[in-house]
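My notes follow in the order I made them.

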Amino acid sequence: MSAVSGVLAFLAEIGVYVAAGWWGFTRRAPLAVRLLLAMTLVALFAALWGMFGAPSAAHPLHGAARAALELCWFGAGAGAWAAVKGWRAALSFTGVWLLSAVPELVCA
C-alpha cells in the first residue's frame with residue numbers, strides 16, 4: 001500500500017468515527033442521551049474495527065469476509081454522512097474510501 005493510499009485509508013477510518021458520533025449527537029433527545037449515543041457509537045465502531053479490520057486486529061479478516069466488513073463499515077459511515085450533511089458529503093467520503101481501497105485491490 002502506498003503512503004498516499006495509507007493516509008486516505010486513515011482519513012476514511014476517522015471519517016467513519018466522526019460521522020457516527022455526529023449522527024448520534026444530532027438525534028432528538030436530551031443532551032445527556034445524545035452524548036451517550038455519540039460516544040457509544042464511536043466506541044462500538046472502534047471496537048469492531050480494532051477486532052476485525054485494523055492491521056493489528058485480534059481476529060483479522062481476509063478475502064470475502066474482509067470485503068464484507070469494509071462494505072458494511074464504510075457504508076455505515078457513508079450513510080451517517082448522508083444523514084448529517086447530505087448526499088454530497090456521503091459521495092465525497094465514499095470517494096476517499098475508494099481511492100484508498102483501489103490500490104490495495106490492484107496490488108492484491
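I count a contact when heavy atoms lie within 4.5 Å. The model is predicted, with local features needing pLDDT of at least 70 and side-chain atom pairs counting only at pLDDT 80 or more, while totals for chains, interfaces and linings use all residues. Residues are numbered from 1 along each chain as its sequence is written, and side-chain values use heavy atoms, with hydrogens and water left out.

**Entry 1: Arg 66**

I looked up Arg 66, which is found in helix 3. Helices here are DSSP runs (H or I, at least four residues), numbered from the N terminus. Leaving aside residues up to four places away in sequence, Arg 66 touches Trp 49, Phe 52, Gly 53 and Leu 61. I then checked polar contacts (pairs of N or O atoms within 3.5 Å, one able to donate a hydrogen and the other to accept it, with sequence neighbours counting only if both atoms are side-chain atoms). The Arg 66 side chain reaches the backbone oxygen of Gly 53 at 2.6 Å. A polar contact of 2.8 Å also links the side chains of Arg 66 and Glu 70.

**Entry 2: helix 2 and helix 3**

Two packed helices are described by the angle between their axes and the distance between the axes. Axes are lines fitted to C-alpha atoms over the stretch in contact, and angles run from 0 to 180 degrees between N-to-C directions. For helix 2 and helix 3 (residues 63–85) I noted an angle of about 160° and axes 11 Å apart. Helix 2 and helix 3 are therefore roughly antiparallel (over 145 degrees). Among the residues that meet here are Phe 45 and Trp 49 in helix 2 and Arg 66 and Trp 73 in helix 3.

**Entry 3: helix 1 and helix 2**

At what angle do helix 1 and helix 2 pack? Helix 1 (residues 3–25) packs on helix 2 (residues 31–53) at about 155°, with the axes 7 Å apart. These two are therefore roughly antiparallel to each other. The residues meeting here include Tyr 17 and Trp 23 in helix 1, and Leu 41 and Trp 49 in helix 2.

**Entry 4: helix 1 and helix 3**

Helix 1 and helix 3 pack at about 50°, and their axes are 8 Å apart. I listed some of the residues in the contact, including Val 16 and Trp 22 of helix 1 and Phe 74 and Trp 81 of helix 3.

Technical notes. Angles under 35 degrees count as roughly parallel, over 145 as roughly antiparallel, 65 to 115 as roughly perpendicular and the rest as oblique.
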